[in-house]
Amino acid sequence: MTTLPVVSWREGRASTYSNCQRILPVPGLTGQSDTSDQMVESFERASVSLGSTPVALVAVDCAEEPVLCETMLPPSPTLPVVEYYHFLDRASAIYDDQLQAVDLVRFVSARDALGAGGGGGGTGGGGGDGQEPDPDGAAHWADVQHKDAIVLLNDSTFDEVLRRSRHVLVFFYAPWCNHCSSVKQNYATAAKELSDRGLRGCLAAVDYSSNPLLERRFRLEYLPALKLFYKGEFVNDYHKLRSREEFVHLIDATIKQNKT
């Protein structure tokens with residue numbers, strides 16, 4: 001049996017941005033079970049059959065990528081798990097058919113014909129299940145204290161808000177991202193502290209999975225991502241501790257540095 005290359009999730013996403021439109025990862029292939037061996041072989045055969053179809057078939061080893069699997073999969077999943085994604089959206093469909101190449105090809109081809117989120121179980125940008133679209137992502141902050149101190153952005157408001165603001169830190173997140181959720185309360189508390197000092201609007205957030213224009217523009221390799229802007233222009237990425245104190249310190253330091 002030949003072996004399907006097992007790549008990191010970041011590598012798989014990068015290939016999606018460069019030459020693919022869909023991504024179908026197999027979290028949990030460790031090569032230690034007959035089921036996993038069969039899945040690897042089926043995926044390799046499916047890759048050949050799909051030919052030029054813009055789909056990336058990506059295997060993720062949960063033993064090597066535990067944080068990724070904890071973020072993307074439900075607790076105590078039965079491996080292997082196959083999920084279909086459109087860029088950084090949540091899984092739009094879970095594959096539970098036979099582990100045969102022909103079935104994988106049929107599944108992928110059907111999803112590709114429907115388009116992202118069409119007819120599947122994902123939420124994407126909303127609107128497909130009778131719900132009103134929520135590009136601002138306000139519903140995702142409903143249980144967060146001091147959420148009103150954060151400026152919620154979307155495709156339409158992003159540039160306008162940043163142009164009229166001097167110092168803005170933007171928090172890019174997705175609803176399915178557990179690490180993003182763990183940042184929200186610290187971020188909102190920092191925004192409230194800054195607002196109480198007259199520095200309202202310094203911390204903003206955008207639901208990256210519901211705003212396709214921003215998704216194509218920034219092509220992020222990971223979430224959460226935090227980017228600092230000054231007068232609408234990108235300054236740098238923020239990689240330090242995601243605490244209330246550090247968020248406040250960043251804005252204070254940026255204001256001091258650019259004070260005229």
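Visitor: What is the order of the strands in the open sheet of 5 strands?
Guide: The order is β5-β7-β6-β8-β9, with mixed pairing. This is a predicted model, in which local features need pLDDT of at least 70 and side-chain atom pairs 80 or more, while totals for chains, interfaces and linings use all residues. Residues are numbered from 1 along each chain as its sequence is written, and side-chain values use heavy atoms, without hydrogens and water.

Visitor: What makes β5 and β9 the edge strands?
Guide: β5 (151–153) and β9 (233–237) each pair on one side only, and pairing requires at least two DSSP bridges between two strands (E runs of at least two residues).

Visitor: Why is the aromatic pair of Tyr187 and Phe247 called edge-to-face?
Guide: Rings of Phe, Tyr and Trp (its six-membered ring) pair with centres within 6.5 Å, and planes under 30 degrees apart are stacked, over 60 edge-to-face and the rest tilted. Tyr187 and Phe247 lie 5.1 Å apart, centre to centre, with 90 degrees between the planes, so the pair is edge-to-face.

Visitor: Why is the pair of Tyr238 and Phe247 called tilted?
Guide: The ring centres of Tyr238 and Phe247 are 5.7 Å apart and the planes stand at 45 degrees, so this pair is tilted.

Visitor: How do you know that Tyr187 is buried?
Guide: Tyr187 has a relative accessible area of 0%, and buried means under 20% (exposed over 50%, partly exposed in between; 1.4 Å probe, protein chains only), so Tyr187 counts as buried. Phe247, also at 0%, is buried too.

Key:
Helix = DSSP H or I, 4+ residues; strand = E, 2+ residues; numbered from the N terminus.
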